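Let's take a walk through a protein model, one piece at a time. Keep the picture open as you read and try to find each spot as it comes up.

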Amino acid sequence: MAGYASHEYDVVVIGAGGAGLRAAIESSAAGARTLIICKSLLGKAHTVMAEGGMAAAMANVDDRDSWKVHFADTMRGGQYLNNFRMAELHAKQAPDRVRELEAWGAVFDRTADGRILQRNFGGHRYPRLAHVGDRTGLELIRTLQDQGVHQGIDVQMECTVVDLLLDGGRVAGCLYYDRERGQFRVVRTSAIVLATGGVGRAYKITSNSWEYTGDGQALAYRAGAELMDMEFVQFHPTGMVWPPSVRGILVTEGVRGEGGVLRNKDGKRFMFADIPENYRSSTADNEEEGWRYVCGDKSARRPPELLTRDHVARCIMREVRDGRGSPHGGVFLDISWIKEKLKDAPTHIKKKLPSMYHQFKQLADIDITQEPMEVGPTTHYIMGGVRVDGDTQMTNVPGLFAAGEVAAGLHGANRLGGNSLSDLLVFGKLAGEHAAKFAKAQTAPKIDEESVQVGIKSALAPFERTSGENPYAVQFALQDLMQDKVGIVRVEKEMKEALDGLQGLKRRAAATKVEGNREFNPGWHTAIDLANLMVVSEAITLCALERKESRGGHYRDDHPKKDEATFGTCNLVIKRGADGSMQLSRRPLTKLPAELQQVVEENK
Ligand SMILES: Cc1cc2nc3c(=O)[nH]c(=O)nc-3n(C[C@H](O)[C@H](O)[C@H](O)COP(=O)(O)OP(=O)(O)OC[C@H]3O[C@@H](n4cnc5c(N)ncnc54)[C@H](O)[C@@H]3O)c2cc1C
C-alpha cells in the first residue's frame with residue numbers, strides 16, 4: 001500500500017488566485033480552519049496577469065452608473081443566458097468588494113479629487129473598471145495575499161490535487177501531491193472550494209498560464225458535479241501575433257479603453273462597418289465622437305472598438321480572411337495616433353499602459369507610443385464551467401463549492417472585460433462564507449482508503465509503463481485539434497472530426513510514459529494534466545455541437561444566426577453518466593423576475 005501524509009481542515013480551498021484567496025479569507029474569518037492548496041507558488045496564480053481592471057458600479061467617474069446599469073450590461077453581454085441571480089449579486093456587491101480591497105491596502109489609480117479611478121472597457125456603458133495602471137491583477141493578489149497570510153491561513157503551495165474524495169456522495173477530502181518531491185498527501189475536510197481557474201491550455205494560441213488545464217472542471221465532473229455551457233469559450237480579440245514565440249500573449253482591452261483604434265492593412269477603421277443592432281444606439285458612428293467618449297464627454301457614445309469581445313474578434317477574423325490583415329495574420333491596433341490629440345501622448349501612454357509598453361518593446365521591439373501593434377484573437381477565458389447555486393456557490397455535490405473562472409453562470413454566453421476580477425471577489429467571498437457554514441454543520445467525513453490507493457496508482461501509472469508516448473506529444477496534438485476544429489468559427493463536420501480525434505487522443509493520453517523519477521518531473525505533471533484537458537475538451541466539443549446557433553463566444557458558420565426559441569431558453573449541462581460516458585442535457589432557463597426584467601428593459 002502506498003503511503004502518504006494526512007491533514008485535516010474544516011475548509012480546503014483549491015487555488016490561490018483571486019477567487020481562492022478571497023474565499024479562504026472569508027472562511028477563515030468565519031472561524032473555520034482553512035487550508036489553501038495551489039499548483040504554483042503563492043503569488044504566482046494566473047490572476048497576477050490581469051491587466052485592465054475590475055468592474056464595479058461605483059460611479060466615481062460617471063455618476064449615471066449604478067448596479068442596475070451594470071446588471072443590464074452584464075446580461076446583455078452574456079446574451080441573456082446568465083444566471084440572473086449571480087449577475088444581480090455581482091452588480092450589487094462589487095463596489096463594496098473593491099472598497100474593501102482598498103481598505104486592505106490596494107493602491108488604485110485615482111481621480112483628481114482622490115477617489116478610485118475607473119476606466120472604459122468593452123460592453124460597459126460607463127467607465128467602470130477600477131485599476132492600477134495595467135497591472136491590476138498583481139495588486140489584487142498582493143493585497144489578498146497579505147490579508148490572508150496575516151489572518152493565519154495555511155498554504156501548501158506547488159501541490160496538485162488529483163482527486164476529490166467522497167463519503168456517501170458528500171465531500172470527504174482530496175488527494176494531492178507536492179510537485180517538488182512527488183510525495184502524496186490526503187486532507188480530510190467536509191467542504192472544498194474549487195478556485196482553479198480555466199482551460200486555455202486546451203488550445204494552441206492562448207493568453208492563459210500553464211496552470212490552465214481544466215483541473216477544477218474535471219475534478220468536479222469526476223466527483224459527480226454538473227458542468228454548464230462549456231461551448232462558451234472567449235477568444236479575446238487582441239493577442240500578440242508576432243514574433244511567433246509570443247503569439248497569444250494578451251494585449252489588454254485597456255489599450256482601446258484609452259483610445260486605441262483597430263485598422264486594417266489599408267488603414268481603415270473597420271469596426272465602424274459592423275455595429276450590431278442591439279448596440280447601435282449606444283455606439284459612436286464617427287471617429288470624432290468616439291474620441292470624445294474616450295476623453296470623458298458624457299454626451300458622446302462609445303467607439304465601436306469597445307463593442308463586446310466576441311464581436312470584435314469576429315470582425316478581426318473577417319478582415320484577415322478577406323485579405324485585409326496585417327503582414328503576420330492579424331490587424332493593427334494603434335494607440336500612438338493619440339499624439340494628434342494630446343501634447344504629452346508618449347508619457348500618457350507609458351503611464352496608463354506601462355506593461356503594454358514594456359511587453360511590446362521587449363518582446364517585439366515595437367514602441368507603442370510611436371507605431372501600431374499587430375494583434376489577433378487568442379483563447380482567453382471560459383464562460384462555462386462548474387454549475388453552482390447562485391447564492392451559495394455550492395455545486396450539486398454536497399460540500400463542493402466553486403468560484404471564479406472555474407464556475408459558470410455569471411457571464412452567460414460572453415464575459416465583459418473586468419467582470420472577472422470583480423467576480424472573484426464577490427463569489428470568492430460568498431463561497432468561503434457558505435463553505436465555512438456548511439463545514440460547521442457536518443459530522444467528520446470518512447476517507448475511503450481504497451479510493452486513495454486507486455488515485456495514487458493511477459497517478460503513478462505513467463512511470464510503470466515500459467513503453468508509451470511522451471505526454472507533450474499528446475498535449476500538442478490536442479491543442480492543434482481544438483484550435484483547428486473547435487475554435488472561433490465552428491462547423492458541424494469539423495466538430496464531429498474533433499470528437500473522433502478526441503477518442504484517439506484519450507487512448508493515447510491513457511498510455512503515456514514518463515522517464516526519470518518523481519522529483520521535479522514536468523513530463524509527469526503533464527501526463528496528469530492530460531486527463532483533465534481531455535474532459536474539458538470533450539465537454540466543449542459536445543456542447544458546441546449541440547448548440548446549433550451563434551451566440552456570444554460560440555460562433556457556428558453553419559448556423560450563423562441566433563435561435564431564440566430553441567437555444568435562447570436553455571443552458572447546456574454535462575454530467576457523468578453511470579456508465580462513465582459524458583451526458584448532455586438542455587436545462588431550461590429560469591424566467592427573470594419582473595423587477596429584474598424591468599431593469600433590463602430600462603437600460604436597453
Ligand atoms: C493576460 C490576462 C489578463 C487579464 N486581465 C483581466 C482584467 O483586467 N480584468 C478581468 O476582470 N479579468 C482579466 N483576466 C481574466 C482573469 O484574470 C481570470 O479570469 C481570473 O484571474 C481567474 O482567477 P481565478 O481565481 O478563478 O483563478 P486563478 O487566478 O487562475 O487561480 C487558479 C489557482 O488554482 C490553482 N490550481 C489549478 N489547478 C490546480 C490543482 N489541480 N491543484 C491545486 N491547485 C490548482 C493554480 O495554481 C492557481 O493558484 C485576464 C486574463 C489574462 C490571461
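Start at Gly 152, which comes after helix α4 and has a positive phi, near 90°. Helices here are DSSP runs of H or I with at least four residues, strands are runs of E with at least two, and both are numbered from the N terminus. Before going on, know that this is a predicted model, where local features need pLDDT of at least 70, side-chain atom pairs count only at pLDDT 80 or more, and totals for chains, interfaces and linings use all residues. Residues are numbered from 1 along each chain as its sequence is written, and side-chain values use heavy atoms, with hydrogens and water left out.

Now back up into α4 itself. This helix covers residues 136-151, and its 16 residues reach 23 Å from first C-alpha to last, close to the 22 Å expected at 1.5 Å a residue (the expected span is 1.5 Å times one less than the number of residues). Among its buried residues are Leu 140, Ile 141 and Leu 144; buried means under 20% relative accessible area, exposed means over 50%, and partly exposed is in between, using a 1.4 Å probe and protein chains only. What covers them? The cover includes α1, α3 and α11, judged by contact, meaning heavy atoms within 4.5 Å.

Next, find an open sheet of 4 strands in the order β13-β16-β15-β14, with antiparallel pairing; two strands pair if DSSP finds at least two bridges between them. Strands β13 and β14 stand at the edges with a single partner each, so one side of each has no neighbour in the sheet. Strand β14 pairs with β15 over 3 bridges, and Leu 262 stands opposite Leu 333 in β15.

Those two leucines are also in contact with Arg 256, leaving aside that residue's neighbours within four places in sequence. Arg 256 sits in helix α6 (residues 254-257). Is Arg 256 buried or exposed? It counts as buried, because its relative accessibility is 1%. A polar atom of its side chain lies 3.0 Å from the backbone oxygen of Glu 305.

In the loop between β13 and α6 you'll find Pro 243, joined to Trp 242 by a cis peptide bond with omega about -5°.

Another open sheet of 4 strands has the order β17-β12-β21-β22, again antiparallel. Strands β21 and β22 are joined by 7 bridges, and Arg 576 has Met 582 in β22 as its bridge partner.

Glu 158 has a phi of about 55° and lies in the loop between β7 and β8. Asp 229 has a phi near 55° and lies in the loop between β12 and β13. Glu 158 counts as partly exposed because its relative accessibility is 31%, whereas Asp 229 counts as buried at 3%.

Note on methods: Polar contact = N/O pair within 3.5 Å; in protein donor to acceptor, adjacent residues only side chain to side chain.
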